[in-house]
Amino acid sequence: EKDVGIRCSVPEKDVFIRAHPYLVGEVVGNLVDNAVKYTDAESVSVSVESAGRYARLTVSDTGRGIPRGEQKAVFRRFYRASNARDRVGSGLGLATVREIVESRYGGKVSLSSAPGMGATVTVTFPHII
């Protein structure tokens, strides 16, 4: 329904991780859904790469961004950033991503954002070389 382009960048060589496909789908789905939801008419970028002993998934948007003082809080269940409450959502997306990646697979989730400058979420999974 929105005029948001999604650009994907994947390496020529496959990147493998040991994870349940459904849970990886939840991670990717939540991140892309959030990126599209909070980007009005620009673009979303999704990339996958091998980074040493890790596989890295990065999802970036050009949307409204997350206020600095709220960036840790957005990973708590049901928390919604103050500038996001005009969009439909439950506040579970990033909490679910962190739970799956860090608790289940020993990976890491990081966020880089500034109001009006979009957001980038980077997920690293241990992977099988």
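## Burial, core and salt bridges

Me: At 25% relative accessibility, does Glu 102 count as buried, partly exposed or exposed?
Reply: This is a predicted model, in which local features need pLDDT of at least 70 and side-chain atom pairs count only at pLDDT 80 or more, while totals for chains, interfaces and linings use all residues. Residues are numbered from 1 along each chain as its sequence is written, and side-chain values use heavy atoms, with hydrogens and water left out. Buried means under 20% relative accessible area and exposed means over 50%, with partly exposed in between (1.4 Å probe, protein chains only). At 25%, Glu 102 is therefore partly exposed.

Me: In what order do the elements of the chain run from the N terminus?
Reply: Helices (H or I, at least four residues) and strands (E, at least two) are DSSP runs, numbered from the N terminus. The chain contains two helices and six strands. Their order is β-β-α-β-β-α-β-β.

Me: What percentage of the contacts between residues at least 6 apart in sequence join residues at least 24 apart?
Reply: A contact requires heavy atoms within 4.5 Å. Among contacts in the chain that link residues at least 6 apart, the share joining residues at least 24 apart is 61%.

Me: How far apart are the end C-alpha atoms of helix H1?
Reply: Helix H1 covers residues 21-37, which is 17 residues. The expected span is 1.5 Å times one less than the number of residues, so H1 should span 24 Å. The end C-alpha atoms agree with this, their separation being 24 Å.

Me: Which residues have the most contacts inside the largest nonpolar core?
Reply: A nonpolar core is a set of buried Ala, Val, Leu, Ile, Met, Phe, Trp, Tyr and Cys residues joined through side-chain atoms within 4.5 Å. The largest has 25 residues, and those with the most contacts inside it are Val 27, Leu 31 and Val 123.

Me: Which strand holds Leu 57, and is Leu 57 buried or exposed?
Reply: Leu 57 has a relative accessible area of 9%, so this residue is buried. Leaving aside neighbours within four places in sequence, the contacts of Leu 57 include Val 27, Leu 31 and Val 123. The strand that holds Leu 57, residues 54-61, is E4.

Me: Which residue forms a salt bridge with Lys 37?
Reply: A salt bridge places a side-chain nitrogen of Lys or Arg within 4 Å of a carboxyl oxygen of Asp or Glu. With the closest N and O atoms 3.6 Å apart, the partner of Lys 37 is Asp 33.

Me: What is the N to O distance in the salt bridge of Glu 49 and Arg 56?
Reply: Both residues are partly exposed, Glu 49 with a relative accessible area of 34% and Arg 56 with 29%. Their side chains meet at an N to O distance of 3.1 Å.

Me: How many salt bridges does a search of the whole structure find?
Reply: Arg 98 pairs with Glu 102, the closest N and O atoms being 3.4 Å apart. These two residues are four apart in helix H2, which means a separation of about one helical turn. For the whole structure, the number of salt bridges found is three.
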